[in-house]
Amino acid sequence: MTTRDAAVRIKGVSHQFGEAGETQYVRALSDTSLDIARGELLCLIGPSGCGKSTLLNVIGGLMTPTSGTIEVAGKPVRGPMPQDIAFVFQENALFPWNTVLENVRLGMLFQGVPKSEHETRAQKSLEAVGLADFAHHYPGQLSGGMRQRAALARALSLKTDILLMDEPFGALDEQTRMILGEDLSVLLASTEKTIVFVTHSLGEAVFLADRVAVFSARPGTIKKIIRVDEPHPRKPEFVTSEKFAALRNELYALLHDEIRKTVAESARSRETS
Amino acid sequence: MARRNERAAGIGSRAVQIGFLLGILVLWYLATNRWGVNRLLLPNPIAVWQQLLDVLKSSEYLPDLRVTLTELLVAFALSMTFGITVGFFVSRTRYSIRVFDPLFAGIYSIPIILFLPLYVLFFGLGPASKIALGATISFFPIVLSTIAGFSNVDRTLVTAAKSMGASDYQLFRYVLVPAALPVILSGLRMGFTIALLAIIGSETIASLAGLGHHIVQLAEGMDMARMFAYIAFVVVIAVLLNGIVSFLEARGRRWT
């Protein structure tokens, strides 16, 4: 991969919370390097606390890593880059006092989109996620799945090249999650966006990703990258195919040891504390 | 179905509340007309009702009402301005919250009305001492709720706004203020209620005019029926004012 087609370059990134010796000291991420290609969907998967969300926040400029550098579109990341990067958070990142439509428009206001474009862009992105009829509902009146669709519409309306999604379906039930995953695959196949998607779900990772980066236990780093060669949009039949099962099993085997390590580690730290 | 049950329960509890108040009225009537309670202690409710109609017709209450309402509005405007401003700046750093929040909460828990004689010495018997006391007392719930409101904004919302490029002003205007508003509004409602209490209360203790002052004058003149009529009048005014404030509060948090 050449520099030109890397949308995001992660070079030797480590991150720790607190200082050595303090009770809240955590080495979240250790010497991680990775290039993310333009237009690819990369899933980050790993045991709890392995630093995958930390890496996402570091890419988005929401955290400054303890060491290492990130480049987005050839520029070093020093803070949020609203023109290049949009986020979809796990849940409850919609402003509850604004309607769905107002939430989408507010994102564009923050990003600096001219007011005259707000209405059409908001309508378009709400239609894309199937929420056009709920534009005037408040988030509290929607189901969890619909709220995440609204959050996605807000991110899409910003028309960034990069979309960072931090366990966007993590709080949803299995069935809602499946449908949202299918819709997301269809939706994203029609855009050129580069997407980094953090998930706990093996199936979700295989179904959505071009590549799945598997993290090791804390301090996390990328243990292995698995490629999923399957054209987008992914068909629901893909889930029942042998290829899907094989990839899922491979991921499971890779993750299983790391999850065991994490569990053992947390039991040990509980004993000592 | 659930909604209908809720509404039925709402009507039911309303009926019990009205029944309770009617019961008190009946007891009051029986106490004065059947059980021979002294009229100087407890006037007949019918006489009070006639006095109330007379008070309302005569509009003699207007000067006192004007004094009390002016005191209330000025005091509330002062405590609102200072409470929200101080509360916002205190909420900006963890350190100042740790210093000032317990301090304000501590002062709030002492009965500030004890300082009324001091206020009268400083500001005189006129409206100024009532305004100062009302403003002081209502400052505390407002400043405390403002600190709570601004310091408990959901971090995810702040992060989301920053990730989309919100400026400091936009963050304040579109995230911090709407997030803090419901909490601040209930602080304002509490502040308003206790400002009204403090002002009418202090008028009954040391004053030259106002509804509280008038009630005490009637009591000293042994004009009990008219005094009760005035008390009923003040109760109605207080209920109306609190109704207006609660309505405004509900409008400010209509999205919840």
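Two strands are said to pair if DSSP finds at least two bridges between them. With that criterion stated, I turn to the structure above, which is a predicted model.

I begin with chain A. Strand S9 (residues 211–215) and strand S10 of chain A pair in the antiparallel sense, and five bridges connect them. Within this pair, Phe215(A) stands opposite Ile222(A) of S10(A). Both strands belong to an open sheet of six strands, ordered S6-S7-S8-S3-S9-S10 in chain A, with mixed pairing. Its edges are formed by S6 (85–88) and S10 (222–227) of chain A, each of which pairs on one side only. From one strand to the next, the twist averages 20 degrees.

Chain A also holds an open sheet of four strands in the order S2-S1-S4-S5, where the pairing is antiparallel. Here the edge strands are S2 (26–37) and S5 (75–76) of chain A. Strands S1 (residues 6–17) and S4 (residues 67–72) of chain A are joined by five bridges, and Arg9(A) stands opposite Glu71(A) in S4(A). Helix H1 (residues 52–59) of chain A packs on this sheet, where it touches S1, S2 and S4 of chain A. The direction of H1(A) makes about 120 degrees with that of S1(A).

I now move to chain B. Helices H8 (residues 168–205) and H10 (residues 224–252) of chain B pack with their axes 9 Å apart, at an angle of about 170 degrees. Because angles over 145 degrees count as roughly antiparallel, H8(B) is described as roughly antiparallel to H10(B). Among the contacting residues are Leu185(B) and Phe192(B) of H8(B), and Leu241(B) and Val245(B) of H10(B). By class, this contact comprises ten nonpolar, five polar and two charged residues.

Key:
Residues are numbered from 1 along each chain as its sequence is written. Chains are lettered from A and ligands numbered from 1 in the order in which they are written. This is a predicted model: local features need pLDDT of at least 70, side-chain atom pairs count only at pLDDT 80 or more; totals for chains, interfaces and linings use all residues. Axes are lines fitted to C-alpha atoms, for helices over the stretch in contact, and angles run from 0 to 180 degrees between N-to-C directions. Helices (H or I, at least four residues) and strands (E, at least two) are DSSP runs, numbered from the N terminus. Angles under 35 degrees count as roughly parallel, over 145 as roughly antiparallel, 65 to 115 as roughly perpendicular and the rest as oblique. Two residues are in contact if their C-beta atoms, placed from the backbone, lie within 7 Å. Ala, Val, Leu, Ile, Met, Phe, Trp, Tyr, Cys and Pro count as nonpolar, Asp, Glu, Lys and Arg as charged, and the others, Gly among them, as polar.
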